[in-house]
Amino acid sequence: MSLMLRNSFKALRNNFSCNAWRAASASGPRQPLISAEKRLDNTHPQFTERSQLKYARRLVVKLGSAVITREDNHGLALGRLASIVEQVAECHLEGREVIMVTSGAVAFGKQKLAQELLMSLSMRETLNPKDSKEFDGATLEPRAAAAVGQSGLMSLYDAMFAQYGVKIAQVLVTKPDFYNEETRNNLFSTLSELISLNIVPIINTNDAVSPPMFIRDDEPAGGGGARKGIPIKDNDSLSAMLAAEVQADLLILMSDVDGIYNKPPWEDGAKLMHTYTSDDINSIEFGKKSKVGTGGMDSKVKAATWALDRGVSVVICNGMQEKAIKTIIGGRKVGTFFTESTESASSIPVEVMAENARTGSRQMQALSAADRATAVNNLADLLISKEQFILAANAKDLAEAQKSGLAKPLLSRLSLNSAKLKNLSIGLKQIADDSHKNVGRVLRRTRLAEGLELKQVTVPIGVLLVIFESRPDSLPQVAALAMASANGLLLKGGKEAAHSNKALMELVKEALSSVGAEHAVSLVSTREEISDLLAMENHIDLIIPRGSSELVRNIQEQSLHIPVLGHAEGVCHVYIDRHADLKKALHIARDAKCDYPAACNAMETLLIHEDLMSGEIFNDVCNMLKREGVKIYAGPRLNQQLTFGPPAAKSLKHEYGALECCIEIVPSLEEAINHIHTYGSGHTDVIVTENDAAAKHFLGSVDSACVFHNASSRFADGFRFGLGAEVGISTARIHARGPVGVEGLLTTKWILNGQDHAAADFAEGGSRSWLHETLPTD
């Protein structure tokens, strides 16, 4: 490794800092390891949420036999082991202190011994065929295999870590080492010294000389009868003791299952427990031990809870999962997180919320259209009758946002007032009035044959996940659309609107309870990372992001298995044609840019026909925008024509989302259309002209979700379109496009009514024949 790269690693380590959880140790030299007795008297604040795990500085990572051993139990899974080494090295180079507890010596030794024995057996068969015996690798002595494999295992680790410039040291232990006070102190003194020297200790049991640790069950004796440790029966308990002794922040137990299940994972009804507290012990049914290692899931839970009692956060995960260690430290929902947080324990898991939403969707489908309309009308009425309750909650959000310095456009989105609530209520009433045309509407009827009739009817998509930022008015809009379309709904709002969202959600629950489906809509207020929600393909059918282009783009990139409905950018154009009316052009351009510049349907680029440059319209438009406080940028063509014009635009495909816009000139209508296709986002584009032929050509040629003639781009909105509200605006070409109301939240299913029909009846010579007769849908 080059000197420059080594210095970069050192700089990275020096720059690494932890939050208040580790402020003392992060700012000073590495702290000496502390005995368990002192630890119990001086415990540090424990991580209660996964998001805090990124602050873990000292880690103990235990690799179970099943994780690093091949399926044939004779050799190591080198690819998997290399990935784990890479993650540990990255943690180390970030400045974290990592101790590894590893299995694998026996498996590695068996591989080497098997090769030697096969060669020896082949030689004996050659010399004396009558004396040949069949080789059975399972008969190899484990202690002999460990003796052969230990050196090879460490050589492998040394070579792997060397690729990252990381030094390692082997620490061999046996069970008696923890019972003797002198060897115990020596062990932890050695670990402390190795960590201070920037070396990763790798601990494994000396299986060549000691019996398997799970045979005995006695406990270490401590001075004065004090208990110093957990009964060491396997590498799980060994790791737990080490983690407690060295005051580790996090213990990661890597197994061959995804985490703790309420019953053996291969049994029906088994569910992964993402969070575990000590109260859960009576609700778990443990299965058999690992087929490779000595410790089963029972021992892992006991070891984890023992470490948790001593202030160590614990995650049990599947070590075969890609990037498991880094994903855990990143706060993602991987494996089972052990915590004593009463808040985490009492909160409803988001998976349960999703299952409730699925059930709630089916309950809503079973209701009549009138009952669904009643629920939406109730919500509309509550927005008016509970106005003071809502505005009081919103005032708390606004006060906190102002203290944190939230940008003015976002403050505007966050703010609620009487007028907004009144418009929301009107929109919800529109949704209720149209709800009878939604679920169960017959789109097609066909008489396939005598007595065999086929119908295509509308049904809800299922469970929706809507993620929105700083716009609490989105919550009742989306909830009403879900109720009217009988969809289950999970809502994930921005933290800046937490009080408003909570208050509005109470009203949604109240409206749903009137029809007995209060669990159909839920607010995900836990601190799950969005990336965790995007991985719930078994629970969520469609994701709808509403917020910044960055949010939408990130969700579209991260969601690999769940469809995403939305748009990443709103680069909208207004084209002022050579035949435009000056007064109309000024009025439309002002509204498109200045009415709500942070909206996705606001104008970002103003295109002007070059014939207008010599007249008044160009100067009048520029002066109007300047009076409104709009900062103007020039496109390439405009920039070439003006000696002292506005600064050049850095990009023609940019969503400003503020009082800023680009002005560009085009030589023709066709060039305006080409510009829109080249730099637009397919959202909303406008032509201002008195020439009907030009307008017709523009409307037919521009390939955007919304195309307008002599109207502001701000009309691209579900409420303004008469949809009541929108869940978002889609620029996709599959499913819904443009402002998406109830129609975009429906799919279809086929219903076939027959008598005793069989497909074979329609074969050649059969008793029945096809009709395929189209029937009215009324």
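Start with threonine 446: its bridge partner in β12 is leucine 454. This is a predicted model, and that bridge belongs to a set of six joining strand β11 (residues 442–449) to strand β12 (residues 452–460). The two strands run antiparallel.

Zoom out and you get an open sheet of four strands, ordered β25-β12-β11-β26 and paired antiparallel. On the edges sit β25 (746–753) and β26 (773–775), each pairing on one side only. From one strand to the next, the twist averages 25 degrees.

## Aromatic pairs

How many aromatic pairs does the structure hold? There are six. Among them are tyrosine 575 and phenylalanine 698, with ring centres 6.4 Å apart and planes at 20 degrees, so this pair is stacked; the cut-off for stacking is under 30 degrees. Tyrosine 575 sits in strand β17 (residues 572–576) and phenylalanine 698 in helix α26 (residues 692–701), so the pair ties together parts 123 residues apart in sequence. Are these two residues buried or exposed? Both tyrosine 575 and phenylalanine 698 are buried.

Phenylalanine 708 and phenylalanine 721 make an edge-to-face pair, at 6.4 Å centre to centre with 65 degrees between the planes. Here the partners are 13 residues apart: phenylalanine 708 is in strand β22, while phenylalanine 721 is in the loop between β22 and β23. Phenylalanine 708 has 12% relative accessibility, so it counts as buried, because the cut-off is under 20%. Phenylalanine 721, at 40%, counts as partly exposed.

## The loop between β22 and β23

Phenylalanine 721 also turns up on the surface. Together with Phe715 and Leu723, Phe721 forms a nonpolar patch with about 270 Å² of accessible area. The loop that holds phenylalanine 721 runs between β22 (706–709) and β23 (728–730).

Asparagine 710 is in the loop between β22 and β23 too. Its phi is positive, about 55 degrees, although asparagine 710 is not a glycine. With 25% relative accessibility, asparagine 710 counts as partly exposed.

## Another positive phi

Which residue in the loop between β9 (313–318) and α11 (324–329) is worth a look? Lysine 323 lies there, with a phi near 55 degrees, a positive value in a residue other than glycine. For context, most residues other than glycine have a negative phi. Lysine 323 comes in at 27% relative accessibility, so it counts as partly exposed.

How values were computed:
Residues are numbered from 1 along each chain as its sequence is written. This is a predicted model: local features need pLDDT of at least 70, side-chain atom pairs count only at pLDDT 80 or more; totals for chains, interfaces and linings use all residues. Side-chain values use heavy atoms; hydrogens and water are left out. Two strands pair if DSSP finds at least two bridges between them. Axes are lines fitted to C-alpha atoms, for helices over the stretch in contact, and angles run from 0 to 180 degrees between N-to-C directions. Patches are made of residues with over 30% relative accessible area and no salt bridge: like charges are joined within 9 Å, nonpolar side chains (Val, Leu, Ile, Met, Phe, Trp, Tyr) within 5 Å. Accessible areas come from the Shrake-Rupley method with a 1.4 Å probe; for residues, only the protein chains shown count as cover. A salt bridge is a side-chain nitrogen of Lys or Arg within 4 Å of a carboxyl oxygen of Asp or Glu. Buried means under 20% relative accessible area, exposed over 50%, partly exposed in between (1.4 Å probe, protein chains only). Rings of Phe, Tyr and Trp (its six-membered ring) pair if their centres lie within 6.5 Å; planes under 30 degrees apart count as stacked, over 60 as edge-to-face and the rest as tilted.
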